Amino acid sequence: MLAKTPRHSIRARATQLAIGIEAADVASGLSLARAKDRPAIQAMGSASEIGSWQALFALSATALALGLVARDRRLAHAGRNMLTAGLVASLVKTTIKRTVHRTRPNVFMDEGHYARGRPGTGNGPWQSFPSGHAALSVAVAQSVARTYPNAAAPAYCAAAAIAAVQVVRGAHFPVDVLAGAVIGVAAEVVSHRPFTDEARRHG
C-alpha cells in the first residue's frame, strides 16, 4: 500500500514551485527590459498604446458604427463582438488588479523595490498583474479573427507584438502578459456571438 503524502508537504512543494516560477519570471522580465530607456524601445512603447483600453474601445465602437451606417452586418457584428469581448476582458483584469498588487519591472529597476500580494491598489506602479494591454488586444484580435478569418494572422500578430512590447518596455513581467492573454481568450469565448448563416448571406 502506498503511503499518502502529507498535505503540508504538498503545500510546501507547491509554495516552493510558485517561488521558483516567480523568481524566474522576475529575472527574465528584468533581463528583457534592460534596454527599456533606449529611444527605440520607448518609441515602440508609445506605438503599443494602440492596445490600450481607450484605443481598442474606440476602434471597436468605430467598427460597430460604420457597420451600422453602411448596413454591413459582418462589420457591425465584428464591432459588437470586439466591444463586448474588450469590456469583459477589461472588467476581469481590473478586478484582479484591485485584488492583488505587484510591482512593475520598470519600478523595480528604477527604485530597487519589489512587492506582490494582497490587497490590490489603484496605484499604477503596483498594478503589473495582469497585463491589460495583452488582455484587451487578444480579446479584440480573436473577435476579428472569428468574423474575418482571412484577417486572423495580422490580428493575432498585432496582439502578440503589443503584448511583447509590454515586457521589453518594463511595464510587465512575462507572466503578467501570459495571464493577460489567457484573460483575453476567455473573455472573447464567453462573450462571443456567432455570425449566423442568414447574416452571412446579407453581409
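**Salt bridges and helix packing in the predicted model**

D37 is exposed, its relative accessible area being 54%, and in this predicted model its side chain meets that of K36 in a salt bridge with an N to O distance of 3.1 Å. K36, by contrast, is buried, with a relative accessible area of 6%.

In total, 7 salt bridges are counted. One of them joins R102 to D25, with the closest N and O atoms 2.8 Å apart; this pair links distant parts of the chain, since R102 lies in strand β1 (residues 101–102) and D25 in helix α1 (residues 7–32), 77 residues apart. R102 is buried at a relative accessible area of 7%, and D25 likewise counts as buried, at 5%. A further salt bridge is formed between the side chains of E49 and R169 (3.0 Å, N to O), which connects the loop between α2 (39–47) and α3 with the loop between α7 (152–168) and α8 across 120 residues. Through shared partners, salt bridges also join D25, R102 and D176 into one network.

The chain comprises 9 helices and 2 strands, arranged along the sequence as α-α-α-α-β-α-β-α-α-α-α, and 39% of its 203 residues count as buried. The axes of helix α3 (residues 53–69) and helix α6 (residues 132–147) come within 10 Å and cross at roughly 20 degrees, and the two helices are therefore roughly parallel to each other, with α3 passing α6 in a left-handed crossing.

Notes
Residues numbered from 1 in each chain as written. Predicted model: local features only at pLDDT ≥ 70, side-chain atom pairs only at ≥ 80, totals over all residues. Heavy atoms only, no water. Axes fitted to C-alpha atoms, helices over the stretch in contact; angles between N-to-C directions. Helix = DSSP H or I, 4+ residues; strand = E, 2+ residues; numbered from the N terminus. Parallel < 35°, antiparallel > 145°, perpendicular 65-115°, else oblique. Left-handed = near helix turned anticlockwise from the far one by under 90°. Buried < 20%, exposed > 50% of the residue type's maximum accessible area, 1.4 Å probe, protein only. Salt bridge = Lys/Arg side-chain N within 4 Å of Asp/Glu carboxyl O.
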